[in-house]
Amino acid sequence: MKNSQILKKDLDRIDGRSYRLYKELEGQYDFENYILSIDHVQGDPFAAPSRIRLIVKQHTAKFPKELFDNKNKNIAVADYLTREFYFNINRFSERIFGSGKSGIIAISKCPQEILNRTSIIINEDEIEARFYVGFPARGRSVLSKELEKILYNVIPNLVEKTLIYKNINNGKLQARVKLVEDQEYIRMELNKRGLISFIANGSMLPRESGVSTKALKTGKTFMSPKELEVEFNTQSRGIIKGMGIKKGVTIIVGGGYHGKSTLLKALELGVYNHVEGDGREFVITNKSALKIRAEDSRCVTKIDISLFINNLPNGKDTVKFYTENASGSTSQAANIIEGIESNTKVFLIDEDTSATNFMMRDDLMQKLVSKDKEPITPFIEIVRSLYEQKDISTIIVVGSCGDFFDVADCVIQMDNYDIKDVTKQAKALSSGNIIKRINEKNLKIDIAFNREIKAGNIEAREKGIKIKTLGVDTISINKEEINLRAVEQIVDNEQLNTIGSIMKWAEANLMNKGLSLNEMVDNIICEINKNGLISIEEIKGGSGSLAMIRKQEIMAAYNRYRKLKI
């Protein structure tokens, strides 16, 4: 390790010379209170910014151990400090001259959701911050005096105001930790009480707009119907009351624009913890809950959709179903079967984004088109069996088909964002015809998941494997795109970075071992839980651009990869 003064001399030495000489600065430097690690220098001023790491020993940082002595608290602290670091970049940055990405200082920009990240890692020994700096240049020449401003003025302030415990807002940090502990307590209690979701009274579910994640300040706050109200005695906030959604089949009804989809959106994002002020801090959903929709034109690789679709006129195999261009019904069937394979315990479905012929078929159509002429068994005839035989619950937003009342355990009505329990009224109106159909079929759900994953999913290349991401929608692996637009519970671009890194790591470490796709993903998650998210990266120092993703989304990405080898 070199002294910080050596770095300053090296900066003077290369000033005005070729940009490639910046590479000579890679290494670690002792700044007394912290270590500056220049892990990777960009090749030119227009390339991705250089990777920087700050390491502060705990005898200097002095974060109390009890603040991060379990996984959930650790994530809460790291998330809070990442947000503070991001804020302080804007606070302490100086005007930096140069071309290209000169002077850029960047760390993860966190959404409303609290995620496990690699941007800041904290343990008993030290705290590490990973971020990016655009090394300044004029054309292709070094502007070392500008970089000196960043390294000797801006970064010391970032360390002092973000990574030293006494200098941050201790009260806010402790409040964040307590919030996450209360959220995780409720999440843990859900299953014990036979619940799949909880929405606290006073929650603000509407957002400012369709593209905003911030709460609508003028919106109507949530209040549970008394029939569905439950309470939790949390450690920090005491009693929190709200609506509990029980296991089984729950139907959400109501007129257009009355809040049905808003409620479902809150439930689907309830798999994550949210920061204070979001309005959905105590919307807590079973962590495995999966939003399902129709997805025309997606690829499907050797999945058994025969539970829903069988006896196709062209004789196509639906036990090992394969297509490059799925229809609405076959794609939704595949999405549900893949969800079961990923061990989800809750399906979330909106009628508006579903294939109508997959979801239901009324009596008149049944009479006109005989059973032997219709290859689709609609979801309405299977949803109860999923719960009774597989313990998989479903929440469905329904706006046009009252037949679902037959199979529902609970019916909730949204009326101008007020919520009512209308189960008794709905049951009084139901015909019972769907239950008769179900009883006549005596359906047994038996799906074999034996899809062994093979090597060669990602082809090695001389220049290495090229992985890019675009927003929260697309991953490109060696220019082969994986379209994830219909995977609606991804909230951060860095989760896609993680999926790309996982696929690359798995190709190098887990192929040709006889593992099914499900088993392979379980192995990956075990590796991350044991050695940290940073362990799946093979680059020096690791990047600060990974955010943890659920098993369901990892498997969804594999299942939409057109080069998947099963």
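Let's start with Tyr22, which is buried at a relative accessible area of 0%. By buried I mean under 20% relative accessible area, with exposed being over 50% and partly exposed in between, using a 1.4 Å probe and protein chains only. Tyr19 counts as buried too, at 2% relative accessibility.

A quick word on the model: it is predicted, so to speak of local features we need pLDDT of at least 70, side-chain atom pairs count only at pLDDT 80 or more, and totals for chains, interfaces and linings use all residues. Residues are numbered from 1 along each chain as its sequence is written, and side-chain values use heavy atoms, leaving out hydrogens and water.

Now, the rings. There are 10 aromatic pairs in the structure. Rings of Phe, Tyr and Trp (its six-membered ring) pair if their centres lie within 6.5 Å; planes under 30 degrees apart are stacked, over 60 edge-to-face, and the rest tilted. Tyr19 and Tyr22 make an edge-to-face pair, 4.9 Å centre to centre with 85° between the planes. Ring pairs also join Tyr19, Tyr22 and Phe135 into a cluster.

On to another pair: Phe308 and Phe358 are tilted, at 5.0 Å centre to centre and 50° between the planes. Where do Phe308 and Phe358 sit in the chain? Phe308 is in the loop between strand S18 (300-303) and strand S19 (321-323), while Phe358 is in helix H8 (residues 356-359), 50 residues apart. Helices (H or I, at least four residues) and strands (E, at least two) are DSSP runs, numbered from the N terminus. Phe308 is buried at 1% relative accessibility, and Phe358 is buried at 0% relative accessible area.
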